[in-house]
Amino acid sequence: MTKAFFLFISILTLISLIFLVLLDEAESKLIAFLYTIVFFFSSIFFFFKVDFSKLFLSSFYIKIFDFFQIYMYLGIDSLSIIFILLMSFLFPLVVLSSWDLIRFNIKSFFFNIIVLEFILFMVFLSFDLLFFYVWFEASLIPMFFIIAIWGSQTRKILASFYLLGYTVIFSVGFLFCILYLNSIYGTTNITFLKTVVFSRNQQLFLGFFFFLAFAVKMPLFPFHLWLPEAHVEAPTPGSIILAGLLLKLGYFGFIRFFVGVFPLALEFYRPMFSMLSILGCIYGSCLALSQDDIKKTIAYSSVAHMSLAMLGIISNNIFGLVGSYLIAIGHTFVSSGLFALVGMLYNRYHTRIIDYYSGLNLILPLFSFMFFYFIISNFSFPLSLNFIAEVLTLIGVGFWNFNIVFILIIYSVLCSAFCLWLYVRICHGALRDVLILRKMYFDLSKKEIFILFPLFFLSLFLCFFPSTLVNVILFHFMSIIK
Amino acid sequence: MLFGIYYILLSSFVINFFFGHYFGKKGVFFLTSFFTTLSFLIVLYTFITRINFVVPELISGGVWVSVLNFSVKWNFLFDSLSIIMLLVILGISSLVHVYSIYYMYHDPYCSKFMCYLTAFTLFMVILVTSSNFLMLFLGWEGVGLCSFLLISFWSTRVQANKAALKAMLINRVGDYFLICGFILIFIVFKSVDFYVIFSKVHVYIYKIVLSSKFFTLTVIDVICFFLMVGAITKSAQLGLHGWLPDAMEAPTPVSALIHAATMVTAGVFLIIRCSYLFEFSPLCLKFLTYIGAFSIIVFGCIGLAQYDIKKIIAYSTCSQLGYMILACGLSGYNFALFHLFNHAGFKALLFLSAGSIIHTMNNEQDIRRLNAINSITPLTSVCFTIGSLSLIGIPFFSGFYSKDSIISLSSFYTNNFFIYISTLFGVILTTAYSFRLFYYLFIKENFNSSFNNRNFLKNYDFNYFNFIPLIILTFLSVASGYLGKTLFIGIGTNFFFGSIFSLNKNIFYIEFIDFKLKILPLLFIVLTIVFIFFYYKTYKKYYIDYNTFLLFNKRFFIDSLLNLFIAFIFHRNSFKIYFLFDKGLLEFFGPTGLSYVVDKIYEFFSEEIHNGDIGTYTKFSVFTLLSVMIFFLVVAI
């Protein structure tokens, strides 16, 4: 079943890429949209066909080079299916949001989008460290082009190099660790490596470089510089993918290749990790207060949220893990929604500077409603998935160390401060003449509602029925806690 | 049937919020008022039919969150405490809905306003009927959100936005303490359900977390501390009160419903609900007593020197909430609830009649320009006066029954006489600011502003939607004390059996108090009234010192100090941190510095290229090479 699913998606990707290349530029949007929609429905079909709450892992080999004895070990378990669903859910919205936005090189843009979706699919499928590394790094290539070609300002080249440079440089160690593991154990298969008991020194050494590779992607505190740059320069679909999926790769890596594998390293580096995460929480939300660009504010809030997810991971109990997992998913909905909204605002007024906006709830009521919902979700208000996620994470952290829960009050208050400040600055206040004189004050169109409503609905629905997500993953998390 | 109130309120909100524009203005007004009144009638019917038995009813609505032993169910708890709170909330809410028809009729966004009011009512109902802390928190945050939306309802006003932000942010502090509290409860008790926690409290009474020479902290103390900070934030007690007076920027029906009768009493409700926990934490009870006593005095003093009619009533609310908190601290939870019940009636009456005065006088709120209005709005003035008398505690008005019993209760607190003194002093202050207001509004004649300019709308307050709520509330503020006394605080009443708990040593019988002590508050009231009239008859510029007046008028500078030492620090330094770290250190030891180093290395090795840009791709490959070298260096070490 899993192999059939994989083959189906591969053939689908191949066919749609061929069609994309052969057909006219005008049809490329439609092909990309059809591809993402078919992808979405096939993954949903797959999800309901296989009962993942009971199935631990469904995997298979693909032999690539017979000479080097290298196998591509692919598989789907309850962790990866959730991320595959999340990704396939988000990509149609990405295509929709780039529908009118991309005006040149349309064909190559959608080529990048399709390739990126397939690469992310392969990342989530990989049960082999080497191939995980390959696809993990490969996801940078389409992202690099999306930012560097379809970005908005001249700084976009710098931003794309920030993205590339940070990830590549910090994951060099990861690559050598993989080679080291291969030289010792003769394989890089993670299901095998999970059964190996590493010595303490090995764990500390390997764990540190694994941490570096994933922490850059998360991003944690000192490695986060690329994120605001990349977000600001990326076009709206690029931002949505970046916040919604690429940051989750770091989280995914931690859960898949760190938590169950290096328990001693987690124990040893815990003070450092927790310090960086707490700093990231407070620092990210504090810096978000001082930004003048809406996208930068939201980017810094992403730093804060993913740091909180990291705290949940290192608390190393079931509540923390489930909480961080829900944060990762809730953050996908919320930040994607916020970036989509900012893009809509940018399409109308061609600026992202907060000071130029005021009183938008008088002329864009629907926009203000959606913006308000995503803003209150961003500071973990009840009625959004983030609330359940934050409570569970804090419970997990509290079981480990209650003082940290108490320190995080600064994060909570600052986070609500910048979120509400952003909302009040943009949507409340007296209406500026400039905003009306441009004659661009039409409210959200139907297409924009189609982008936002699924995010809004899922975030609201999953707040009241979080068990739908938790039941799938619970056994997986119970198996990796040591 | 009782469960129907959720469906009624939710459907009222959803229908009117999403499809309100199909019904038009009158339709939305009618539907929201009708639905809220209907839910009130259901609760009233239940209360009347079930008043004789006190068995709590638990209505289950399925599972919400379930992760291992953290399982939270949608269980709604209807016991005597929540029924009383429901009566207050839905009663005042339906009256305010009706009043809003009068007050908000000409507002273009009135349908949005009504929807927010209904949503607020729904969240408040969830708060008081919750059977676990997570649901309580949902309601707690929800009312805060509705408060934010309603304060900034006239969103083009800068002051309204500032007040809304302030309210939300200060409340977030309290909310986070509440989260901390219930996380600690879950860690200790392994459950967040009220009944499970309350039945396991006695196991943890002696579990000490911190012990020193002066005091020992049990785990119950710590939990109660977190809950208490949450409660005093919501109830606007001293130190975290700054949001409530500023929240008077909201439309007046909102002030009546949210910032006087219901939402601010949520803190008191939380303490009463957790009486099983607070009873075993003498330290927190003591703290509550003192914070209540200080709040009574400080807010009374501030109320004396304000000139905004709504702010005076707001500070009076803070002061009266101080009485409730103090009663909770003395373990007189039913006294606090009784005062809450009466206070909701007369404070809503005061706000609503103040609102109709403001509306009639063309949105004038300064009492120096609201003189002799009893000739313009006679019936409203009568209602206002009755509300004031009830607030002061003139015998046999409703405020008398509850406040007098709290004062009598505090006379039993013999550890420190300050508590009793402060409650008595609170009576003096209440009388003083009420009669000051009374003097300005009804007695003082200043023909310059209000009559000669004709800046009032003649007979504007003559409207049935204005008078029906006012007259009902007037009746309540006269009679609710008399009607409820036996039920709430009568000797041997077992109405709250099971929902409120106090240790035997904390129960006092106020009926056996000495007559001299009993008459003392009345004596003070009479003396203060005489003094106030004497003061204004022989009016000189400042009887009290100007600096004292300034201190009271500027609210003891508490808000300014909090701004200076907390808010500004973060707001100003966040910018500095941004330049110091993100644009400074991290760039220097990160990409920019690395790029500079690579430039230098490249220059060193190649003599042809001087000071030229070497191109990003070259630089990038050198980066990667460098990082490989660093990696091997680290491994070698």
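The structure is a predicted model, in which local features need pLDDT of at least 70 and side-chain atom pairs count only at pLDDT 80 or more, while totals for chains, interfaces and linings use all residues. Residues are numbered from 1 along each chain as its sequence is written, chains are lettered from A and ligands numbered from 1 in the order in which they are written, and side-chain values use heavy atoms, with hydrogens and water left out.

The size of an interface is often given as the accessible area lost when the parts come together. Between chain B and chain A the buried area (the accessible area, 1.4 Å probe, that two parts lose on being put together, summed over both) is about 6,000 Å², and carbon and sulfur atoms give 79% of it. On the side of chain B, the residues that lose the most area to chain A are B:Arg172, B:Tyr176 and B:Phe631, which together account for 12% of what that side buries. In terms of contact (heavy atoms within 4.5 Å), 71 residues of chain A and 64 residues of chain B take part.

Polar contacts (pairs of N or O atoms within 3.5 Å; within protein, one must be able to donate a hydrogen and the other to accept it, and residues adjacent in sequence count only if both atoms are side-chain atoms) link 13 residue pairs between chain B and chain A, both residues being at pLDDT 80 or more. The elements that give two or more residues to the side of chain B that touches chain A are β1 (57-67), β2 (70-78), α4 (133-151), α5 (158-189), α21 (558-588), α22 (591-605) and α23 (616-636) of chain B; here helices (H or I, at least four residues) and strands (E, at least two) are DSSP runs, numbered from the N terminus. With 15 residues, α5(B) gives the most to this side of chain B. The residues of this side divide into 45 nonpolar, 13 polar and six charged, where Ala, Val, Leu, Ile, Met, Phe, Trp, Tyr, Cys and Pro count as nonpolar, Asp, Glu, Lys and Arg as charged, and the others, Gly among them, as polar.

One salt bridge is found across the interface of chain B and chain A; A:Glu229 forms a salt bridge with B:Lys583, with the closest N and O atoms 3.3 Å apart. Within chain A, the closest N and O atoms of the salt bridge between A:Arg256 and A:Asp77 are 2.6 Å apart. This pair links distant parts of the chain, 179 residues apart, with A:Arg256 in helix α12 (residues 236-259) and A:Asp77 in strand β2 (residues 70-77) of chain A, and both residues are buried (buried means under 20% relative accessible area, exposed over 50%, partly exposed in between; 1.4 Å probe, protein chains only).

In chain B, the side chains of B:Asp246 and B:Lys166 meet in a salt bridge at 3.1 Å, N to O. B:Asp246 lies in helix α8 and B:Lys166 in helix α5 of chain B, so the pair ties together parts that are 80 residues apart in sequence. B:Asp246 counts as buried at 17% relative accessibility, whereas B:Lys166 is partly exposed, with a relative accessible area of 21%. B:Lys166, B:Asp246, B:Arg555 and B:Asp559 are linked in a network of salt bridges.

Strands β1(B) and β2(B) run antiparallel and are joined by eight bridges; two strands pair if DSSP finds at least two bridges between them. These strands form a hairpin with two residues between them, and B:Leu68 in the turn has a positive phi of about 50°. Strands β3 (residues 208-211) and β4 (residues 216-218) of chain B are also antiparallel, with three bridges, and form a hairpin with four residues between them.

Most residues other than glycine have a negative phi, and most peptide bonds are trans. B:Ser331, which is not a glycine, has a positive phi of about 65°, and this residue is found in the loop between α13 (309-329) and α14 (333-360) of chain B. At 5% relative accessibility, B:Ser331 counts as buried. In chain A, a cis peptide bond with omega of about -5° joins A:Met218 and A:Pro219, and A:Pro219 is placed in the loop between α10 (200-217) and α11 (226-233) of chain A.

Definitions and conventions
A salt bridge is a side-chain nitrogen of Lys or Arg within 4 Å of a carboxyl oxygen of Asp or Glu.
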